[in-house]
Amino acid sequence: MTADVLIVGAGPAGIGVAAALRRIGVEATVLDRFRVGASFRHWPEDMRLITPSFTGNQFGLVDLNAVTPDTSPALSLLEEHPTGAQYADYLEMVAELEDLDVRTGVEVTDVTAGAEDDLLAHTTDGAAWPARTVVWAAGELQYPRTNGFPGAERCVPTVGIERWDSHPGDDVVIIGGYESGIDAAVHLVRRGRRVTVLDRDRPWEVVDADPSRTLSPYTHGRLREAHETGQLQLLGDVAVSAVTPAGTHGYVVHTACGESFGADGPPLLATGFDGSLELVRDRFKFDEHGRVVVTEEADESTVLPGLFLAGPSLAHREAIFCFVYKFRQRFGVVARGVGRRLDRDIEPLEALREPGFLLDDLSCCDDCAC
Ligand SMILES: Cc1cc2nc3c(=O)[nH]c(=O)nc-3n(C[C@H](O)[C@H](O)[C@H](O)COP(=O)(O)OP(=O)(O)OC[C@H]3O[C@@H](n4cnc5c(N)ncnc54)[C@H](O)[C@@H]3O)c2cc1C
């Protein structure tokens with residue numbers, strides 16, 4: 001049977017869009033290769049959300065980490081900065097509350113045009129799921145960038161570490177000094193390790209009105225605490241050129257300017273994400289900066305009509321939507337685009353405008369001060 005909507009990914013983007021679609025009576029089928037909130041369940045056990053949760057909903061300020069206007073992780077979890085596992089619990093609660101149809105253990109490898117105007121979502125078991133529309137919400141976290149320089153495959157992506165205690169060595173080198181890298185550094189310094197963070201820029205010095213371009217206040221606070229121990233070294237303007245093994249368990253991180261840094265265990269990689277869009281790269285257009293191009297009206301592919309995008313890869317004009325509180329502003333826009341394709345009454349989605357889940361005037365993104 002042809003589904004009205006398939007959503008690929010049961011993270012905050014997939015669950016949020018599915019919940020928005022319920023408002024217009026559309027029942028999406030959500031496919032996930034693991035389970036609801038899987039990316040967050042893979043976080044190191046004490047990694048926490050950097051955006052704070054707070055019970056502001058009743059006063060018109062929806063909890064920054066909520067994926068529907070009437071839920072709040074702060075209220076459900078009684079935490080300001082939930083751990084990944086706690087936030088996954090919250091997402092599962094929303095999926096239950098909204099009675100969403102989530103199919104787990106289904107990994108989508110591509111989306112292609114099917115018969116007439118339909119689409120086909122292809123899965124690893126060779127099946128093809130027919131659908132009138134597909135929302136790509138498979139995120140970035142499960143697809144870290146691991147090929148930036150020779151020897152990168154010897155490093156361990158920070159998001160794949162289960163427990164900081166289990167990372168070996170007294171001297172740790174972290175490549176990449178933005179949120180993930182600094183988060184790892186803070187946790188390792190707290191455990192008494194000597195940590196060197198290398199970055200081609202100096203992200204810890206950037207001050208910008210857009211939190212997607214600067215460390216969060218939460219992380220700055222923790223960074224100051226780590227600095228005070230004397231165990232942390234932040235080195236900017238350093239381009240890593242290779243990582244080679246040394247001795248039985250050691251590694252050497254080489255840089256373009258000829259310096260090298262020794263580590264007792266595999267260096268940690270915090271150099272960003274290729275993202276799941278790599279899987280469906282040919283189904284979208286990308287601009288000269290490598291940012292995905294989708295329609296402003298509906299976040300729909302300009303290459304494969306009926307394929308929509310939700311989540312942190314979204315970009316429009318000067319704005320990047322890489323936090324939940326940013327990309328959720330387009331849930332109503334995607335739901336509206338899907339609803340139009342399915343010939344549904346989309347009026348009920350207007351209720352998403354005031355709480356900030358239906359941002360369709362992107363003129364503020366021309367000179368984004370977010
Ligand atoms: C250190 C760190 C801290 C962060 N802190 C915050 C924060 O405080 N606040 C915030 O808003 N954001 C934060 N983020 C970013 C946040 O993780 C992302 O914004 C969020 O995960 C994006 O949601 P998503 O639903 O698009 O993707 P995901 O949460 O990654 O969900 C994607 C889902 O798709 C599934 N999937 C993947 N590929 C496939 C496939 N091929 N087929 C089927 N299913 C698939 C996965 O199993 C997963 O369940 C942080 C990121 C990092 C690295």
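The protein is divided into two parts, domain 1, which covers 3-142 together with 273-365, and domain 2, which covers 152-269. This is a predicted model, and the centres of domain 1 and domain 2, taken over C-alpha atoms, are separated by 30 Å. A ligand is surrounded by 34 residues, and the shell around that ligand draws at least three residues from each of domain 1 and domain 2.

**The two domains and their contact**

- Where domain 1 and domain 2 meet, the contact takes twelve residues from domain 1 and 14 residues from domain 2.
- On the side of domain 1 that touches domain 2, the residues divide by class into eight nonpolar, two polar and two charged.

**The surroundings of the ligand**

- Among the 34 residues that surround the ligand, the closest are G9, G11, S39, G139 and G311.
- At least two residues of the shell come from each of α1 (12-22), β2 (29-32), α2 (38-41) and α5 (179-190).
- Sorted by class, the shell around the ligand holds 19 nonpolar residues, ten polar residues and five charged residues.

- Helix α1, one of the elements that supply residues to the ligand shell, is largely enclosed by the rest of the structure, because ten of its eleven residues are buried.
- The buried residues of α1 are P12, A13, G14, I15, G16, V17, A18, A19, A20 and L21.
- These buried residues of α1 pack against the strands β1 (3-8), β2 and β6 (128-136), and also against the helices α4 (84-97), α7 (324-327) and α8 (331-341).

- Five strands, in the order β7-β14-β8-β9-β10, form an open sheet in which the pairing is parallel.
- The edge strands of this sheet are β7 (156-157) and β10 (232-235), each of which pairs on one side only.
- Strand β7 is joined to strand β14 (residues 268-269) by two bridges, and the two strands run parallel; within this pair, V156 stands opposite L268 of β14.
- Helix α5 packs on the sheet, where it touches β8 (171-175), β9 (194-198), β10 and β14, and the direction of α5 makes about 170° with that of β9.

**Residue D171 in strand β8**

- D171 lies in strand β8, and this residue counts as partly exposed because it has 14 C-beta neighbours inside 10 Å.
- When neighbours within four places in sequence are left aside, D171 is in contact with R194, G262, A263 and D264.
- D171 and I182 are eleven residues apart in sequence, and the distance between them in space, C-alpha to C-alpha, is 15 Å.

**Two antiparallel hairpins**

- Strand β4 (residues 108-113) pairs with strand β5 (residues 119-123) in the antiparallel sense over five bridges, and T112 stands opposite L120 in β5.
- The hairpin that β4 and β5 form has five residues between the strands, and E116 in the turn has a positive phi of about 50°.
- Strand β11 (residues 240-246) and strand β12 (residues 250-255) run antiparallel and are joined by six bridges, with V252 in β12 as the bridge partner of T244.
- The hairpin of β11 and β12 has three residues between the strands, and G247 takes a positive phi near 65° there.

Conventions: Residues numbered from 1 in each chain as written. Predicted model: local features only at pLDDT ≥ 70, side-chain atom pairs only at ≥ 80, totals over all residues. Near = placed C-beta within 6 Å. Helix = DSSP H or I, 4+ residues; strand = E, 2+ residues; numbered from the N terminus. Nonpolar A, V, L, I, M, F, W, Y, C, P; charged D, E, K, R; others polar. Domains from an automatic or database assignment. Pairing = 2+ DSSP bridges. Contact = placed C-beta atoms within 7 Å. Axes fitted to C-alpha atoms, helices over the stretch in contact; angles between N-to-C directions. Buried ≥ 20, exposed ≤ 12 C-beta atoms within 10 Å, placed from the backbone.
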